[in-house]
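Here is a short briefing on one protein structure. Keep the sequence and the 3D view open as you read.

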Amino acid sequence: MHLGARSLKTGAAVTLALMIAIAFGMTPPIMAGVAAAMTTRPSVQRSIHAMIQNIYGNLIGALIAVAAVIFFGDTPIVVGLTVVFVIALHLKFNLHHTLTLTMVTVIFIMSSGMSDNAAFLYEGIRRFSMICIGVISATLVNLLIFPPHYEKTLYTQILTQTTHLIKWTRLLSGGTSDNRKIKQEMAEFDSRKLKIENYYHWYKEERAFRKRIKSVKLRRTVLFREMIHVTQLLHHLLNELDRNENAFRLLPDAFRETLRIQLSGLMTYHERVLLKFDGKIRRKRHEEQARKDYKQSSALARLFFAHLSSEKTDEWLDLLPLISTIIDYNQHIEHLDRLVTSYQAFHQKANQMN
């Protein structure tokens, strides 16, 4: 079992909300804790957005709940119809993310049991205040206690995904892979791909307020986007290689070996570009090695079509998507390398990941 920072911050937010509610003598304080637990978000930007939306949505729900009790009473039928009306209103104004907490607020306010309208109105304000305490507590904890930094996590996830994809691509192109094992790994690759995309969106949502940091953040966002795209091309390449494994093995030995060597060189190039971004490889050494490993995509295309024209069968046409993906992968690695070089030229002090 692994407890992440978000789990710990949820507990801290609940504790803070309960302590504030108890300090102000609000009962039952558990509602402040429920609101805090339900509004903890994975990023600071989302927490602030969720806080504003939840306060707005719960205010609408609280006003409707108070009006419903004053005019129609607090019978179960009235409570149920009020909840339905609040749901419809929230969907109309695109506040569906706040629906769960708002419904809790409506039921919480309408179940106070007060018969006097003035007393009920005061109780409604007090109970709504408890919800606000929970929502604000969750945002403050996310801002002040271990604020999320997705940059390092995102880079690590990309590097891990790339390393595993390279390993299995080499095994598959060399004809030494275990077919049953690679099917299991494919599911892991898809799962990690979704994680990478989530981390990228969370990182992109974070706001930088200082001009220098904002400039670095924008450039790194572009870099991460291209890293993810190149990794996805490698993922697609592995899928194509797996899908056309038999056709690949039926290629003439000389051409298959040439293709395997060039693909291996491209993957080595890809790996070095990622390490270059993190400052773990010397730029001069990288450029020297790239000239040895890297082959022009046009050369690969010419070689493939030369072999294709010499064959009397159309079976090789199945490999066209694979060759196309390799060429695309080739071009985007080169583009990523240029982006990293440009980034490091402008931000020498921010080259390495923190």
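This is a predicted model: local features need pLDDT of at least 70, side-chain atom pairs count only at pLDDT 80 or more; totals for chains, interfaces and linings use all residues.

The protein chain has 14 helices and 0 strands. Buried residues make up 45% of its 354 residues.

**The whole chain**

- Read from the N terminus, the elements run α-α-α-α-α-α-α-α-α-α-α-α-α-α.
- Take the contacts in the chain between residues at least 6 apart in sequence. Of these, 78% join residues at least 24 apart.

**Helices H2 and H6**

- Helix H2 covers residues 30-38, and helix H6 covers residues 117-144.
- The two pack at an angle of about 40°, and their axes are 7 Å apart.
- Angles from 65 to 115 degrees count as roughly perpendicular, those under 35 as roughly parallel and those over 145 as roughly antiparallel; the rest are oblique. H2 and H6 are therefore oblique to each other.
- H2 passes H6 in a right-handed crossing.
- On the H2 side, the contact uses Met31, Ala32, Ala35 and Ala36. On the H6 side, Met130, Ile131, Ile133, Gly134, Val135 and Ala138 meet them.
- The residues of this contact between H2 and H6 divide into 9 nonpolar, 1 polar and no charged.

**Helices H7 and H11**

- Helix H7 (residues 150-173) packs with helix H11 (residues 253-277) at an angle of about 165°. Their axes lie 11 Å apart.
- How are H7 and H11 oriented to each other? An angle over 145 degrees counts as roughly antiparallel, so H7 and H11 are roughly antiparallel to each other.
- The crossing of H7 and H11 is left-handed.
- From H7, the contact residues include Tyr155, Leu159, Thr162 and Ile166. From H11, they include Arg260, Leu263, Met267 and Leu274.
- The residues of the contact of H7 with H11 divide into 8 nonpolar, 7 polar and 3 charged.

**Checking helix lengths**

- Does the span fit the residue count, or what else would you expect at 1.5 Å a residue? The expected span is 1.5 Å times one less than the number of residues.
- Helix H5 (residues 99-110) has 12 residues, so H5 should span 16 Å. Its end C-alpha atoms are 16 Å apart, which agrees.
- H11 has 25 residues, so H11 should span 36 Å. The end C-alpha atoms of H11 are 36 Å apart, which agrees.
- Just after H11, Gly279 takes a positive phi of about 75°.

**Buried residues**

- The buried residues of H5 are Leu99, Leu101, Thr102, Thr105, Val106, Phe108, Ile109 and Met110.
- Gln53 sits in helix H3 (residues 44-72). Buried means under 20% relative accessible area. Gln53 has 17% relative accessibility, so Gln53 counts as buried.
- Leaving out residues up to four places away in sequence, Gln53 touches Asn94, Leu95, His97 and Thr98.
- Leu336 lies in helix H14 (residues 320-346). Its relative accessible area is 1%, so Leu336 is buried.
- Which residues does Leu336 touch, not counting residues up to four places away in sequence? Leu336 touches Leu223, Glu226, Met227, Val230 and Val273.
- Leu336 and Leu274 are 62 residues apart along the chain, and their C-alpha atoms are separated by 9.0 Å.

Technical notes. Residues are numbered from 1 along each chain as its sequence is written. Side-chain values use heavy atoms; hydrogens and water are left out. Axes are lines fitted to C-alpha atoms, for helices over the stretch in contact, and angles run from 0 to 180 degrees between N-to-C directions. Helices (H or I, at least four residues) and strands (E, at least two) are DSSP runs, numbered from the N terminus. A crossing is left-handed if the near helix is turned anticlockwise from the far one by less than a right angle, and right-handed if clockwise. Contact means heavy atoms within 4.5 Å. Ala, Val, Leu, Ile, Met, Phe, Trp, Tyr, Cys and Pro count as nonpolar, Asp, Glu, Lys and Arg as charged, and the others, Gly among them, as polar. Buried means under 20% relative accessible area, exposed over 50%, partly exposed in between (1.4 Å probe, protein chains only).
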